[in-house]
Amino acid sequence: MRLLAQEFAARAVERPDHVAVVDADGSHTAGDVWAAAVELADVVGAAVDGEPTVLVQADNSWRTLVTTLAVGRLGGFVAVMSGHATEHELDLALEDVRPDVVIASPELAGTWSVASKGFSTDLSVLRGWSMHAVPGPTRGMARWNGGVAVAMTSGSTGRPKCVVQSEQALRFAGQATIAAVGLREGDPVGAFVPLSSVAALCFGLYLPAMLGGTMVCLPRWKPTDALELIRAEQVRWTMLVPTMALQFAMVDDAEGGLSSMVAMTVGGGPMDAGALQRAEEYLGTRFLRVFGMSECLGHTTPLPSDPPEVRVGRDGRPFPGIDVRVVDESGARLPVGQVGKAQVKGPSLFTGYARLGTPTPPELTDDGYFATGDLARLNDDGTINIMGREKQIIIRGGRNIDINEVEAAVASVPGVVQVCVVPVPDPLLGERAAALVVSKESSVDLDAVRAHLDQTGVPKHQWPELVFAVDDLPQNRVGKLSRDAAAQLASRLAHQDTSA
């Protein structure tokens with residue numbers, strides 16, 4: 001983060017009164033933010049000896065930006081942690097990241113029992129927050145192999161993935177997005193996704209700071225509050241996951257509410273072209289459907305000038321310098337139009353997964369590609385379509401059912417805004433397909449869904465066997481669809497149906 005800190009310091013001298021952050025506490029100028037960063041850097045520098053690794057409670061406020069800049073001034077490494085993390089999750093982070101300093105609210109520091117974990121120094125920083133440090137020499141930066149930031153991202157094993165990113169990767173993804181969207185210096189950018197994810201840290205914090213714009217923060221996701229903030233601050237761009245973006249269309253009086261925005265980037269979850277296009281027309285903006293993951297930050301995008309069938313029907317084109325290829329089981333590159341395994345290579349790739357205080361390098365192919373775990377198809381216009389995860393199936397009576405096909409079928413039903421298809425246990429068949437549906441129509445039930453699918457010629461193997469109307473789809477801490485929670489909810493609802 002050293003380069004970001006240097007750039008921000010220069011801008012703070014040139015334009016000290018520019019509003020760098022808008023959050024729940026009000027507006028914060030560049031001059032004030034940099035002064036707070038210098039003050040925090042001095043406190044950290046006095047408490048430890050050397051380049052520090054700092055773990056911070058990443059709330060969507062000026063504090064996260066100030067801490068990032070302070071760490072950059074010291075040439076250190078920042079680890080962002082959710083304020084909802086448990087003590088057990090902190091213990092895993094301490095094991096994998098081994099920070100020299102922990103910064104959090106006093107309440108959370110108490111919940112985490114930070115003082116009992118070797119962090120003997122306890123100082124007040126950031127207007128009432130606590131800084132706990134291990135006094136003496138730090139472990140330095142060499143151990144991070146060029147990485148500057150890590151986020152504890154949820155993993156399939158139940159243990160956070162701890163994705164480590166370099167500043168070069170953060171800058172590449174930010175600059176490529178700025179160029180593609182057409183953002184200008186000083187533009188307000190929405191930081192609505194919790195900054196405890198590496199993607200949110202990149203696009204919600206690093207990008208606006210690098211742009212010299214205003215980081216417009218929402219402390220807790222609520223679509224009505226986000227809409228009001230976008231209107232009040234004339235936000236020009238933000239990145240959201242689909243479950244969050246589509247919720248705007250459910251807000252009363254939201255028609256035309258996003259007209260100040262050049263575009264809204266949408267990624268990180270299943271998406272339906274029809275639902276996105278209906279929502280963007282109603283909201284008065286353009287959605288840009290992208291493909292990216294924590295390990296390879298936002299490496300595709302369409303342009304705001306692209307037609308709707310490209311912007312919301314496909315998953316963008318690779319950034320300049322990024323190569324996305326689709327391969328078969330043997331690793332041979334497949335031609336345009338065929339579905340296979342997605343692999344990516346380029347400057348957006350991560351440094352590794354933090355384990356025992358250092359990155360474990362990613363597993364790459366012999367020619368340097370990272371396997372994303374996604375199925376994809378390349379199109380003849382250079383765009384890509386993500387066809388789902390390699391193992392995203394329901395096994396019903398020995399037959400594999402593609403979840404993506406069922407979701408696409410249900411999403412075509414009039415009135416459906418969001419849909420999530422998950423397996424529910426069945427004593428005879430093993431699993432059945434259940435659809436959780438968010439809609440504006442109270443009549444969207446199993447009979448209505450099946451009638452529409454039958455009328456439109458959707459094959460029966462793509463029909464769900466259960467349909468449950470819900471107000472919202474379950475989300476994880478960063479606003480992404482939580483399929484595990486969705487499956488648990490569907491199982492409970494199915495059990496209630498059979499018990500009734």
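This is a predicted model: local features need pLDDT of at least 70, side-chain atom pairs count only at pLDDT 80 or more; totals for chains, interfaces and linings use all residues.
**Exercise 1. In what order do the strands of the open sheet of nine strands run, and what kind of pairing do they have?**

Residues are numbered from 1 along each chain as its sequence is written, and side-chain values use heavy atoms, with hydrogens and water left out.

*Step 1.* Two strands pair if DSSP finds at least two bridges between them.

*Step 2.* Read off the order: β7-β8-β6-β4-β5-β10-β11-β21-β22, with mixed pairing.

*Step 3.* β7 (121-125) and β22 (358-360) are the edge strands, each pairing on one side only.

*Step 4.* Zoom in on one pair. Strands β4 (residues 53-57) and β5 (residues 77-81) run parallel and are joined by five bridges. Thr53, for instance, has Phe77 in β5 as its bridge partner.

**Exercise 2. Find the order of the sheet with seven strands, then look at one of its pairs.**

*Step 1.* This open sheet goes β2-β1-β13-β12-β14-β15-β16, and its pairing is mixed.

*Step 2.* At the edges sit β2 (26-29) and β16 (287-289), each pairing on one side only.

*Step 3.* Pick β12 (residues 188-191) and β13 (residues 214-217): they pair in the parallel sense over four bridges. Here Ala191 stands opposite Cys217 in β13.

**Exercise 3. Is Trp34 buried or exposed?**

*Step 1.* Locate Trp34: it belongs to helix α2 (residues 30-47).

*Step 2.* Recall the cut-offs: buried means under 20% relative accessible area, exposed over 50%, and partly exposed in between (1.4 Å probe, protein chains only).

*Step 3.* Trp34 counts as buried because its relative accessibility is 14%.

*Step 4.* Leaving out residues up to four places away in sequence, Trp34 touches Ala5, Phe8, Ala9, Ala12, Leu69 and Arg73; contact means heavy atoms within 4.5 Å.

**Exercise 4. Which residues touch the most other members of the largest nonpolar core?**

*Step 1.* Define the core: a set of buried Ala, Val, Leu, Ile, Met, Phe, Trp, Tyr and Cys residues joined through side-chain atoms within 4.5 Å.

*Step 2.* Among the 97 residues of the largest core, the answer is Ile103 and Phe248.

*Step 3.* Helix α7 (residues 198-211) gives the most to this core, with 11 residues.

Methods:
Helices (H or I, at least four residues) and strands (E, at least two) are DSSP runs, numbered from the N terminus.
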